[in-house]
Amino acid sequence: MTSPATPPLQLAQLGDEARYRLLVEAVVDYAIYMLDPEGVVVSWNAGAQRLKGYTPAEILGQSFSTFYTEPDRRSGMPARALVTAATQGRFEAEAWRVRKDGNRFWAHVVIDPIRGPDGAIVGYAKVTRDLTERRAAEESLRRSEAQFRLLVQGVTDYAIYMLDPDGMIASWNAGAQRIKGYGAGEVVGTHFSRFYRADDRARGDPANALATAAREGRFEAEGWRVRKDGSEFRANVVIDPIRDDDGRIIGFAKITRDVTEQRAAQLALEQAREALFQSQKLDAIGQLTGGVAHDFNNLLMVVMSSLSLAKRRLPDDPKLVQLIDNALSGARRGAALTQRMLAFARRQDLKPTAVHLPTLVNGMSDLLTRSLGGLVQVRTEFPAALPHVRVDANQLELALLNLAVNARDAMPDGGPLRFEAQEEEVAVAGALAPGRYVRLAVVDGGSGMDAATLARAAEPFFTTKGAGKGTGLGLAMVHGLAAQSGGRFALQSEPGQGTTATLWLPVATDDAAPHPLAREATPPATARALRVLAVDDDPLVLTNTAALLEELGHAVLQASSGDEALCLLHEEPGIDLLVSDHVMPRMTGAQLIAAALQARPQLPVVLATGYAELPASLPFQAVRLAKPFDQAALAHAIAEALALR
């Protein structure tokens, strides 16, 4: 007759000391051991032996500095680690450590002081994890029951506790209380699923975790957990099965670490990388767009001036005149397109002045009414004492018109369109430099944009309108204007919730010039014919500039470089005016003018430029002439240059 089988050992039958021993013995992914106050190893677990390669007989009684690299030992790092743990209550670091065979491994180390009843330090609890290679292996802890209790209770940066086979909490350490907020009396005997979110419990995550640990020998995951006060934290969780001598599962060892701060830092890093990528992408597109627009300006200059001159020489044929006018109209549209491209590239030639936004927007009312139609109701909300802003008024009007037309297109059935503004103070540098700004917002109640469309809305040539209904440069121009003016442009939108387009513009200083009146369309005539030196490295542009000057009655000398122009100035003392392009190889127009004025300080000068690549301030007075220019603009520039001298 056989005797009845011995019933399996039950966790509840074990004393606290035995449970702590079983708990530590079950942990295979951490080296958990004790040091005396001098740093001598007094206990050693199987996890430590697996990580470091030493048997208890080899390491007990030895200094824990044995595991440090030689440079770290010479620098006194082991002693500093104990001092930090003793004075600050905790030491944590990641660094290289050395195994018995001399191989190095990257270790995450936590040292906590262990204090006796009188508060004196009686030793240290040390937890080391090999981050070089994660492998599951059973640990056999050979420490006294008292030492294991001190060890586990001394660890405060990890929640280390035991579960019975059904997931009921059987032990609780100080780290678990610190991280989760529960005292031992509140949680021992309850199910560990209480720490999970409600939706995770409904999905069966707690049971799946235990099943995975039992089946595969280990469970590791990262997820959200819930504290006693209801707040959530991001947790790294490892669960190892605890088996008896017969291999039967009698419980689980569970280690939890709060990694909320690490996750937040990682998310912040990813957001910063995405923002940097978007900024670099827009800068790259801007560089390309600016270069193309500059070259296109020169071509338009040739086309427009040639057509204007040809028109004057045509016979009285209305059909030919209409064809020339159509060609000129197309060239002017091309010039407007390049201005938008240059605005996005932040290379347009701006003329910032002090602008009163309510006055500017109210002055656009007729233009907005004609452009938006009767279904859109324009409203304004401006405070009474809104300060002036420093911006190019004409470019701002164009930007606001673009935003208004976009809003109209997003509201096919009509609706309100609101212009609002308020002053804001920026104290800390970020997207804007510290200072005073006016935030101008254009708010519509239209169809809005989804996240993908919103992310690309300010890119040049991106449009959601049909073919022929938009260039895709409107928002890109607004973005460039804001950036070049020292401000910022941002869009907020959700599908079905409308769009808010916001411009931050710097407040004008007291000495900023007011918005100038528009100049007359008919240029003033010069008192006499001039000898003009025209300089441009592009032969087509130079030829047409000379032709425009001759059409105005002036005698023209031509130079294709700065060096050639200086030679002519030296040889021809009768030159009355210098008209030069800025972007030229070897010597720019600004450098040419500076050299010319050293020899002839009273020489009138005109500097032609296709975009705002000029320095913020020049060491001389020069009239700027924006490319592409017509004969009237050239005549105006000549008159202004003569008036300056």
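**The core and the sheet**

Modeller: Leaving out residues up to four places away in sequence, Leu396 touches Leu357, Leu360, Val391, Leu481, Leu503 and Leu505. Touching here is a contact, meaning heavy atoms within 4.5 Å. The model is predicted, so local features need a pLDDT of at least 70 and side-chain atom pairs count only at pLDDT 80 or more, while totals for chains, interfaces and linings use all residues. Residues are numbered from 1 along each chain as its sequence is written, and side-chain values use heavy atoms, with hydrogens and water left out.

Leu396 is also among the residues with the most contacts inside the largest nonpolar core, together with Leu400, Leu417, Phe419 and Phe489. That core has 39 residues. A nonpolar core is a set of buried Ala, Val, Leu, Ile, Met, Phe, Trp, Tyr and Cys residues joined through side-chain atoms within 4.5 Å. Buried means under 20% relative accessible area, exposed means over 50%, and partly exposed lies in between, with a 1.4 Å probe and protein chains only. Helix α15 (residues 393–410) gives the largest share of the core, eight residues. Helices (H or I, at least four residues) and strands (E, at least two) are DSSP runs, numbered from the N terminus.

Next comes a sheet. Five strands form an open sheet in the order β10-β12-β13-β15-β14, and their pairing is mixed. At its edges are β10 (376–381) and β14 (488–493), each of which pairs on one side only. From one strand to the next, the twist averages 20°; such angles run from 0 to 180 degrees between N-to-C directions, with axes being lines fitted to C-alpha atoms, for helices over the stretch in contact. Two strands count as paired if DSSP finds at least two bridges between them. Strands of a sheet pair through backbone hydrogen bonds, either parallel or antiparallel. Strand β13 (residues 435–444) and strand β15 (residues 499–506) are antiparallel, and their pairing runs over eight bridges. Val438 stands opposite Leu505 in β15, and Leu505 is one of the residues that Leu396 touches.

A salt bridge is a side-chain nitrogen of Lys or Arg within 4 Å of a carboxyl oxygen of Asp or Glu. Arg439 has a relative accessible area of 17% and therefore counts as buried, whereas Glu424, at 24%, is partly exposed.

Another salt bridge joins the side chains of Arg227 and Asp258, at 2.9 Å from N to O. Here Arg227 is in the loop between β6 (219–226) and β7 (232–243), and Asp258 is in strand β8 (residues 249–258), 31 residues apart. Arg227 is partly exposed at 22%, and Asp258 is partly exposed at 26%. Across the whole structure, a search finds 23 salt bridges, and Glu70, Arg73 and Arg74 are linked in a network of them.

Finally, the chain as a whole. The protein chain has 21 helices and 20 strands. Of its 645 residues, 46% count as buried. Among contacts between residues at least 6 apart in sequence, 62% join residues at least 24 apart.
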